[in-house]
Amino acid sequence: MKLDPFYLIVDSAEWVERLVPLGVKLVQLRIKDCPDSVLREQIRRSKAACAAAACQLVVNDYWKLAIDEGCDFVHLGQEDLMAADRNAIRRAGLRLGLSTHDPSELETALAAEPDYVALGPVWPTVLKEMKWAPQGVERLLDWRQRVGAIPLVAIGGITAERAPLVLEKGADSAAVVTDITRNSDPEARTRQWLAATAPWRRANEDEG
Ligand SMILES: Cc1ncc(COP(=O)(O)OP(=O)(O)O)c(N)n1
Ligand SMILES: Cc1nc(C(=O)O)sc1CCOP(=O)(O)O
Ligand SMILES: [Mg+2]
């Protein structure tokens with residue numbers, strides 16, 4: 001499985017509907033503290049917008065709802081993974097992305113046979129408080145070796161200018177929240193991201 005080199009993460013279906021039609025091919029719906037009924041509706045709308053644009057939707061955290069709503073990719077952190085029913089996720093045919101922040105988390109993640117591994121925060125992030133110091137781009141080289149053929153996602157403090165730095169260090173995809181959603185012109189910034197990651201997208205296409 002190949003991941004698009006630009007991995008957009010947003011907190012509403014409105015964002016998905018607004019930015020995915022610009023050419024985004026990989027998007028995560030990351031909504032926190034929301035009733036199930038609202039989440040369901042948000043997932044449905046995001047799924048429809050992604051289907052119309054041939055974009056891969058990844059649902060963060062809510063693996064049961066993702067199964068119920070017929071989604072095919074979830075992202076879980078280490079605590080999410082501990083609470084999740086791994087067999088139910090596999091039985092439903094869901095692909096699984098997992099967060100890692102240190103070697104022991106990576107070991108746990110690899111044992112769960114994920115479809116991608118994320119490493120973060122590469123740089124400081126303003127989105128949420130994190131107990132890990134920034135990893136730095138060099139750590140990606142180490143993770144690249146350790147994960148082998150499993151796709152690797154870099155996350156945390158990545159901007160359109162920094163995205164090539166993580167892709168050059170072996171990440172398959174660069175994930176982003178605030179550089180786009182807190183930009184004064186999110187559409188223009190999304191286009192900048194698409195342009196900055198285009199060489200890696202083309203390489204994926206050439207490799208088939
Ligand atoms: C691509 C990607 N990487 C890491 C995370 C973080 O997941 P988690 O550690 O579960 O934290 P929350 O995002 O749920 O706050 C992610 N969502 N996506
Ligand atoms: C949601 C999340 N998870 C991280 C991790 O390291 O696991 S860093 C992060 C925030 C990413 O947002 P931004 O692109 O605005 O820094
Ligand atoms: Mg989580």
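Pro121 sits in the loop between β6 (116-119) and α7 (138-147); helices (H or I, at least four residues) and strands (E, at least two) are DSSP runs, numbered from the N terminus. The peptide bond that leads from Gly120 into Pro121 is cis, with omega near -10 degrees. Most peptide bonds are trans, and most residues other than glycine have a negative phi. Before going further, please keep in mind that this is a predicted model, in which local features need pLDDT of at least 70 and side-chain atom pairs count only at pLDDT 80 or more, while totals for chains, interfaces and linings use all residues. Residues are numbered from 1 along each chain as its sequence is written, and chains are lettered from A and ligands numbered from 1 in the order in which they are written.

Now step back to the overall fold. Eight strands close into a barrel, in the order β1-β2-β3-β4-β5-β6-β7-β8, with parallel pairing. On average, neighbouring strands of this sheet are turned by 25 degrees against each other, direction ignored; the axes behind such angles are lines fitted to C-alpha atoms, for helices over the stretch in contact, and angles run from 0 to 180 degrees between N-to-C directions. Two strands pair if DSSP finds at least two bridges between them. Strands of a sheet pair through backbone hydrogen bonds, either parallel or antiparallel.

A residue is buried if 20 or more other C-beta atoms lie within 10 Å of its own, exposed if 12 or fewer, and partly exposed in between, with C-beta atoms placed from the backbone. In a regular strand the side chains alternate between the two faces of the sheet. In β1, Phe6, Leu8 and Val10 point one way and Tyr7 and Ile9 the other way, and all are buried.

β1 has a partner on either side. Three bridges join β1 to strand β8 (residues 173-176), running parallel, and Phe6 stands opposite Ala174 in β8. Three bridges also join β1 to strand β2 (residues 26-29), again in parallel, with Leu8 opposite Val27 in β2. Between β1 and β2 the chain passes through helix α1 (residues 13-19), and this β-α-β crossover is right-handed. A crossover is right-handed if, with the strands pointing away from the viewer, the path from the first strand over the helix to the second runs clockwise.

Further along, β3, helix α3 (residues 63-68) and β4 make another right-handed β-α-β unit. Two bridges join β3 (residues 56-60) to β4 in parallel, and Val59 stands opposite Val74 in β4.

Phe73 itself belongs to β4 (residues 73-76). Phe73 counts as partly exposed because it has 18 C-beta neighbours inside 10 Å. Leaving aside residues up to four places away in sequence, Phe73 touches Gln56, Leu57, Val58, Leu94, Arg95 and Gly97; contact here means C-beta atoms, placed from the backbone, within 7 Å.

Ala54, in the loop between α2 (36-52) and β3, has a positive phi of about 50 degrees although it is not a glycine. Which of them is buried and which exposed? Ala54 counts as exposed, with 9 C-beta neighbours inside 10 Å, whereas Asp61 is buried, with 20 other C-beta atoms within 10 Å.

Finally, the ligands. A residue is near a molecule if its C-beta atom, placed from the backbone, lies within 6 Å of it. Around ligand 1 there are 14 residues, of which Gly77, Ser99, Ala118, Ile155 and Ala175 come nearest. That shell divides into four nonpolar, seven polar and three charged residues; Ala, Val, Leu, Ile, Met, Phe, Trp, Tyr, Cys and Pro count as nonpolar, Asp, Glu, Lys and Arg as charged, and the others, Gly among them, as polar. Ligand 2 has 16 residues around it, with Gly120, Thr125, Gly156, Val177 and Thr178 coming nearest.

How values were computed: Two residues are in contact if their C-beta atoms, placed from the backbone, lie within 7 Å.
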